[in-house]
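The following exercises concern a predicted model.

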Amino acid sequence: MAAAAPIRVLLVDDDERDYLVTRGHLTEIAEQSHSTGSGQAYVIDWARGGDEGLQRIAENRHDVILLDQQLGPMSGLDVLRQSLAHGSRAAFIFLTTQADRAFDELVLRTGAADQLVKSQINAPLLDRAIRYARERRRVDDAHRESEERFRLMANAVPALVYV
């Protein structure tokens with residue numbers, strides 16, 4: 001059985017310690033999946049702030065974006081909104097320093113697949129969040145494609161169709 005293509009992750013965070021911790025979690029996930037035979041590998045890139053993050057996200061090379069809430073002069077929410085407005089198809093997971101239900105709901109409504117509290121993240125939780133975020137993105141993309149096909153079909157029919 002062929003090994004799965006590596007999952008490309010971009011961490012947008014201005015704290016190098018958070019990058020090192022996240023890289024460690026992804027390494028642990030890869031080692032565990034290798035020992036169980038699934039062989040999932042990760043490639044992690046790091047953007048050190050909002051502007052750099054926007055540039056890297058615009059390259060459309062990443063499957064998942066881990067996005068810190070606080071990025072100096074730019075917030076993670078700003079980066080999320082701008083990235084989605086420019087058509088990013090990556091799955092976004094928001095990283096915060098504390099749980100806040102209202103902010104959590106705002107982030108999800110804005111387009112993130114999940115929100116994690118940094119101090120609570122461990123390898124299994126990050127693995128689950130990445131898998132769920134990628135599946136949510138896949139389902140959203142399939143739904144969008146289906147709607148587009150239906151719209152094209154409906155526009156091609158010369159008479160009004162009632163469903």
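**Exercise 1. Aromatic pairs**

Task: State how many aromatic pairs the model contains, and classify the pair formed by Y19 and W46.

Solution. 
Step 1. The count comes to two aromatic pairs.
Step 2. A pair of aromatic rings is described by the distance of the centres and the angle of the planes.
Step 3. For Y19 and W46, the centres are 4.8 Å apart and the planes form an angle of 10 degrees.
Step 4. Planes under 30 degrees apart count as stacked, so the pair of Y19 and W46 is stacked.
Step 5. Y19 belongs to helix α1 (residues 16-36) and W46 to strand β2 (residues 42-47), so the pair ties together parts that are 27 residues apart in sequence.
Step 6. Y19 and W46 are both buried.

**Exercise 2. A charge over a ring**

Task: Determine which residue lies over the face of Y132.

Solution. The residue is R128, at 5.0 Å from the ring centre of Y132.

**Exercise 3. The two sides of helix α2**

Task: Decide where the buried residues of helix α2 (residues 50-58) lie around its axis.

Solution. 
Step 1. The buried residues of α2 are G50, G53, L54, R56 and I57.
Step 2. These residues cover an arc of only 170 degrees around the axis, and therefore they lie on the same side of α2.
Step 3. D51, Q55 and A58 are exposed on the other side of α2.
Step 4. Just after α2, N60 takes a positive phi of about 55 degrees.

**Exercise 4. The largest pocket**

Task: Describe the volume and the lining of the largest pocket.

Solution. 
Step 1. The volume of the largest pocket is about 170 Å³.
Step 2. Its lining consists of 15 residues, and those nearest the centre are G111, A112, R136, R137 and D140.
Step 3. At least two lining residues come from each of β6 (91-96), α4 (101-110) and α5 (123-156).
Step 4. The element that gives the most to this lining is α5, with five residues.
Step 5. Sorted by class, the lining holds seven nonpolar, two polar and six charged residues.

**Exercise 5. The chain as a whole**

Solution.

Conventions
Residues numbered from 1 in each chain as written. Predicted model: local features only at pLDDT ≥ 70, side-chain atom pairs only at ≥ 80, totals over all residues. Heavy atoms only, no water. 1 Å grid on protein atoms, 1.4 Å probe; cavity = no way out; pocket = protein on both sides within 12 Å on 5 of 7 lines; lining within 4 Å. Points joined across faces, edges and corners; volume = space filled by probe spheres on them. Helix = DSSP H or I, 4+ residues; strand = E, 2+ residues; numbered from the N terminus. Nonpolar A, V, L, I, M, F, W, Y, C, P; charged D, E, K, R; others polar. Phe/Tyr/Trp six-rings, centres within 6.5 Å; stacked < 30°, edge-to-face > 60°. Buried < 20%, exposed > 50% of the residue type's maximum accessible area, 1.4 Å probe, protein only. Lys NZ or Arg CZ within 6 Å of the ring centre and 35° of its normal. Arc of directions from axis to C-beta.
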